[in-house]
Amino acid sequence: MSHRSTTPSPLPGRRGVLRGSLAASAALALPSAAAVAAPAFALSGRPRAGWGVQTGDVTAHSGLVWVRSDRPARMIVETSATESFRRTHRWHGPLIGADTDFTGTTRLRGLPSGEQIHYRVLLADPDDPRRTGEPVTGTFRTTAASRRSGVRFLWSGDIAGQGWGINPDLGGYRIYEAMGALDPDFFLCSGDNVYADGPLSATVARPDGSTWRNITTEEKSKVAETLAEFRGNYRYNLLDENLRRFNAQVPSVVQWDDHDVRNNWYPGEVIASTDSRYTEKSLDVLAARSRRAFSEYFPVSTLRPGARDGRVHRVIRHGPLLDVFVLDMRTYRDANSPGTQTADPQGILGAGQLEWLERELSRSRAVWKVIAAGMPLGLVVPDRTEGRPNVDGVAQGDPGAPLGRELQLAELLRFVKHRRITGTVWLTADVHHTSAQHYQPSRAAFTDFEPFWEFVSGPLNAGAFPATALDGTFGPERVFVKAPATSNVSPADGYQFFGEVDIDGDSGELTVRLREQDGSVLFTKVLQPGRVGQ
């Protein structure tokens, strides 16, 4: 089995030796709430990276480094094999300014595989490159070329939702501390990175009579409509020191979902005139603004300047053991409906993304093919926006033959079976509880597929909700679930979750652990490699 510990440990792991210096950097760089609305254009001084650093879409030989400045600056990244930075390689990044909200991303290429990379970001005065601000440090590990090292990663989603933001009385987003203690190779964020449609108030009355207190900002005082407001939503979470420290230690793989724009949105949707919160009624306009802010605030390889396609869906190849297929279940979907149509060529992915996914799955030679979905497959996710009896996800509650978006899923599952594609596992978040579903043809109305597992986690810091109903079309069995009995349970009452995937380099076994906020294990499932069905 894996040579790495499966429980959080106070002892330093391969990143632990850096936590002291990273914590110091995080504390030094802490932006004040008063400085959130806009960069401080000081007439003197040096550029300052007050929002930490991030890395994303790391592979065997490359990775993206992100930073945000408080003023125009030239981004410079220095990398080293050691924390001392005795010998460095310098990467000259972009000139960052107001057009990207003072964020910048630099791509590092030609890195050694399977190595711990230490980096620091310097921000230089554009008019005097010798004037640089305080460096901000981070670390990440490139993908190993061999399988012996194994792979460990975490996933979850749903941050600052349902009115529950950064609560300083509770220490902020504490879940990131437990996640960082597991020393993962990367973190997969399954969407709802922000709740652009969910304003935060300074205080929230809890059912037990106590008061929840939020850090608040101007951009989080109303629903996001302008580009500046969407940027402010993505910036808000970076006020949390736990998250900034985690970002400096663990690379991310990020996808988006509905609350990054508006609850249950779909292309072409127009907000009803009765919703006075919004003056901009076009979801296409709102989605474009959010997508731009999303691309500015996360290091995503397919969205950075110069990227060929400008899309969220992509494959992250993590050596011979793992390929991660990151889906976009928002941009190309058809309109939400009751989901009872007998033909649906667009579905939830769009025809083009389905073709891409089938092609990339068939090309993959990785032992495990993790499909990162923005929504669960067999859990009914209703869309009651403005009283509509629609569904937002794939399942619609009819346990019979596939209808609506289920038709596209049936096509994909049939393709996996007949192409004999081994090692597929589905991961998602979205529904604000944690569960494990096993899909089995012998229980299903549609039977032309091989058995597979779907694991659900989240939220990271949002309201928790009861488990949703299952749709029997693909024969799901809910093997495990933990969810509250009532809706919108606050993070102070628990029910905050993340998941862990640990692939053993020797045996190839994939172990999934569903964990609570403090890192304790709720459920474990071990899957065997080399099988079409599990």
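Student: Where is the place of Leu239?
Tutor: Leu239 lies in the loop between helix 3 (227–236) and helix 4 (241–249). This is a predicted model.

Student: Does Leu239 count as buried or exposed, and why?
Tutor: Buried. Its relative accessibility is 8%, and buried means under 20%.

Student: How many Å separate the C-alpha atoms of Leu239 and Met179?
Tutor: They are 18 Å apart in the model.

Student: New topic. What is the strand order in the open sheet?
Tutor: The order is 14-15-16-19-21-20-22. That makes seven strands, with mixed pairing.

Student: Which strands stand at the edges?
Tutor: Strand 14 (314–318) and strand 22 (476–482). Each has a single partner strand, so one side of each has no neighbour in the sheet.

Student: What does the twist average?
Tutor: From one strand to the next, the average is 20 degrees.

Student: Back to strand 14. In which sense does it pair with strand 15, parallel or antiparallel?
Tutor: Antiparallel, over five bridges. Strand 15 covers residues 322–326.

Student: Which residue in strand 15 stands opposite Ile316?
Tutor: Val324.

Student: What pLDDT does the chain average?
Tutor: The average is 92, and 91% of the residues score at least 70.

Student: Where is the pLDDT below 50?
Tutor: Residues 1–29 are one such stretch, with 72 contacts beyond near neighbours in sequence. Residues 32–43 are also below 50, and that stretch has 18 such contacts. Where pLDDT is low, predicted coordinates should not be read in detail.

Definitions and conventions:
Residues numbered from 1 in each chain as written. Predicted model: local features only at pLDDT ≥ 70, side-chain atom pairs only at ≥ 80, totals over all residues. Heavy atoms only, no water. pLDDT = per-residue confidence, 0-100. Contact = heavy atoms within 4.5 Å. Pairing = 2+ DSSP bridges. Helix = DSSP H or I, 4+ residues; strand = E, 2+ residues; numbered from the N terminus. Axes fitted to C-alpha atoms, helices over the stretch in contact; angles between N-to-C directions. Buried < 20%, exposed > 50% of the residue type's maximum accessible area, 1.4 Å probe, protein only.
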